[in-house]
Amino acid sequence: MLQLKVNKELQLPDGMSSLDVAMEFHVGKVTGISGDSGVGKTTILRILAGLTDPGEGSILSGGNVWFDKSKKINLTPQK
């Protein structure tokens, strides 16, 4: 299982916005992300890929910590 709990401030054309996400992805299950333009779908995928700093929160995968702001853990995309 992959657990994603992050909060990231986003700069949008019309001002600042906060992306606050708590999701669980289960092995063998397909998960879709949908929503209006500019709500953070691509940012969520970039965070999971390690291409965008999540800001605050944590990402756990099978007991391994990929990101944890409070513990100062942030694995590179290669790991």
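Q: Which elements each supply at least two residues of the lining of the largest pocket?
A: This is a predicted model, in which local features need pLDDT of at least 70 and side-chain atom pairs 80 or more, while totals for chains, interfaces and linings use all residues. Residues are numbered from 1 along each chain, and side-chain values use heavy atoms, without hydrogens or water. A pocket is an open set of points on a 1 Å grid over the protein atoms alone where a 1.4 Å probe fits, with protein on both sides within 12 Å along at least five of seven lines, and lining residues have an atom within 4 Å of a point. With helices (H or I, at least four residues) and strands (E, at least two) taken as DSSP runs numbered from the N terminus, the elements are α1 (41-49) and β4.

Q: Which residues lie closest to the centre of the largest pocket?
A: The largest pocket holds about 200 Å³ of space, the volume being that filled by probe spheres set on grid points joined across faces, edges and corners. Of its 15 lining residues, the closest to the centre are Leu48, Ala49, Gly50, Trp66 and Leu75.

Q: Which residue of β4 is the bridge partner of Ile59?
A: Strands pair if DSSP finds at least two bridges between them, and β3 is joined to β4 (residues 64-68) by four bridges in the antiparallel sense. In the hairpin of these two strands, Gly62 takes a positive phi near 55°. The partner of Ile59 in β4 is Phe67.
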